[in-house]
Amino acid sequence: MENTVKTAAEYGYCKDGKVFLKGYLEYPDRLIGVVRNTEEEALQYFVNRFAIAENKVNLLFSQVDDAQNKGSYLTKLLQLRKNLIEFDGLGNFVPLLHKLDELELQLRELILNNQIKNLEIKRALIDEVKKATEATEDWTKATEAIMEIKTKWLKTGPVDKALQDSIEAEFNAIVDDFFVRRREYYAEKNRIIDEKLAQLQRIVDSARALRYEQDVDAGFAKIKDLQREWKTIGQVPPKKQSLLWKQFKRSSDFFFERYN
């Protein structure tokens with residue numbers, strides 16, 4: 001009780017049925033509660049509450065010590081400082097705030113160092129993705145390489161806010177340009193394949209029309225021309241080519257049986 005009275009006298013007081021925390025640092029005296037029964041009980045209550053504030057500070061330090069990404073606790077620290085300034089309790093808040101100030105400096109320095117490292121990593125990844133987007137002789141392989149680089153990029157932490165937008169925009173522009181060119185490449189490839197399939201279908205239709213050709217000698221020459229033309233068209237998707245080839249061969253065999 002004696003310690004409570006001493007703590008209360010040093011950090012707070014009662015007046016007009018109300019409990020006040022004495023001002024400290026730049027903060028003035030502040031109303032923190034009311035006297036419900038006796039002034040001693042009210043003071044005891046708020047002295048006991050001060051332990052909650054101490055525990056919150058100690059918990060934050062423990063969490064930071066155990067954390068791998070310590071910088072992520074800066075926001076929580078700033079919020080805790082704000083809560084301490086508004087906390088209703090009687091005790092010495094100055095050492096707690098000083099501890100938070102020291103921890104904030106450590107975290108900000110750590111964040112700054114991490115941002116510098118992250119910037120170095122992201123600049124290296126930009127150079128890496130530039131080389132990968134130039135290797136378009138194998139679009140599949142290039143796509144896999146770019147997706148791997150993009151995963152590394154996403155796992156790398158932020159850089160300084162002043163550079164964040166510009167460096168993100170530079171990386172995304174390189175990646176977006178690659179996928180635009182990739183889309184155009186496959187669109188053109190599909191157009192060529194469709195064109196070849198149309199040519200093969202025309203050959204199939206022409207061979208089918210020759211099955212009942214009256215002039216078998218002329219028909220024989222046309223079938224041979226169609227066979228030669230087939231060989232000049234080039235590769236198309238195997239399944240579609242196989243289906244069309246079977247149709248073409250069926251018509252050709254039918255005609256050759258008539259011819260023989």
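How many aromatic pairs does the count come to in this structure? The count comes to 14, where rings of Phe, Tyr and Trp (its six-membered ring) pair if their centres lie within 6.5 Å. I shall return to these pairs after some remarks on the model.

The model is a predicted one, in which local features need pLDDT of at least 70 and side-chain atom pairs count only at pLDDT 80 or more, while totals for chains, interfaces and linings use all residues. Residues are numbered from 1 along each chain as its sequence is written, and side-chain values use heavy atoms, with hydrogens and water left out.

As to confidence, pLDDT is the predictor's own confidence in each residue, on a scale from 0 to 100. The chain has a mean pLDDT of 90, and 98% of its residues reach 70 or more. Where pLDDT is low, the predicted coordinates should not be read in detail. Helices (H or I, at least four residues) and strands (E, at least two) are DSSP runs, numbered from the N terminus.

Let me now turn to the aromatic pairs. Trp230 and Phe248 are stacked, with 5.2 Å from centre to centre and 10° between the planes; planes under 30 degrees apart count as stacked, over 60 as edge-to-face and the rest as tilted. Trp230 belongs to helix α7 (residues 216-233) and Phe248 to helix α8 (residues 238-259), so this pair ties together parts that are 18 residues apart in sequence. Phe248 also pairs with Trp245: the ring centres are 5.7 Å apart and the planes stand at 50°, so this pair is tilted. Trp245 and Phe248 are three residues apart in helix α8, and thus separated by about one helical turn.

Phe248 is buried at 1%, Trp230 is buried at 10%, and Trp245 is partly exposed at 37%.

Elsewhere, ring pairs link Tyr24, Tyr27, Phe50, Phe87 and Phe93 into a cluster. Phe61 has a charge over its face: Lys99 lies 4.9 Å from the ring centre. The criterion is that NZ of Lys or CZ of Arg is within 6 Å of the ring centre and within 35 degrees of the ring normal.

Next, the core. A nonpolar core is a set of buried Ala, Val, Leu, Ile, Met, Phe, Trp, Tyr and Cys residues joined through side-chain atoms within 4.5 Å. The largest one here has 30 residues, and those with the most contacts inside it are Val19, Leu21, Leu60, Leu84, Leu90, Phe93 and Leu100. At least two residues of this core come from each of α1 (2-11), β2 (18-21), α2 (39-66), α3 (74-86) and α4 (93-134). The greatest share, nine residues, is given by α2. In soluble globular proteins, nonpolar side chains tend to be buried together.

With contact meaning heavy atoms within 4.5 Å, and residues up to four places away in sequence not counted, Leu100 touches Val57, Leu60, Phe61, Leu77, Leu80, Arg81 and Leu84. Ala42, in helix α2, is buried at 8%.

Strands β1 and β2 run antiparallel and are joined by four bridges; two strands pair if DSSP finds at least two bridges between them. Cys14 has Val19 in β2 as its bridge partner. In β1 (residues 12-15), Gly12 and Cys14 form the covered face, whereas Tyr13 and Lys15 form the uncovered one.

Two residues lie between these strands, and Asp16 in this hairpin takes a positive phi near 55°. Asp16 is exposed, at 70% relative accessibility. Most residues other than glycine have a negative phi, and most peptide bonds are trans. Leu25 likewise has a positive phi, near 50°, and is not a glycine. Leu25 lies in the loop between β2 and β3 (30-34) and is exposed at 51%.

Finally, Thr143 is in helix α5 (residues 139-155) and is buried at 12%. Beyond its neighbours within four places in sequence, Thr143 contacts Phe178, Phe179 and Arg182.

How values were computed. Buried < 20%, exposed > 50% of the residue type's maximum accessible area, 1.4 Å probe, protein only.
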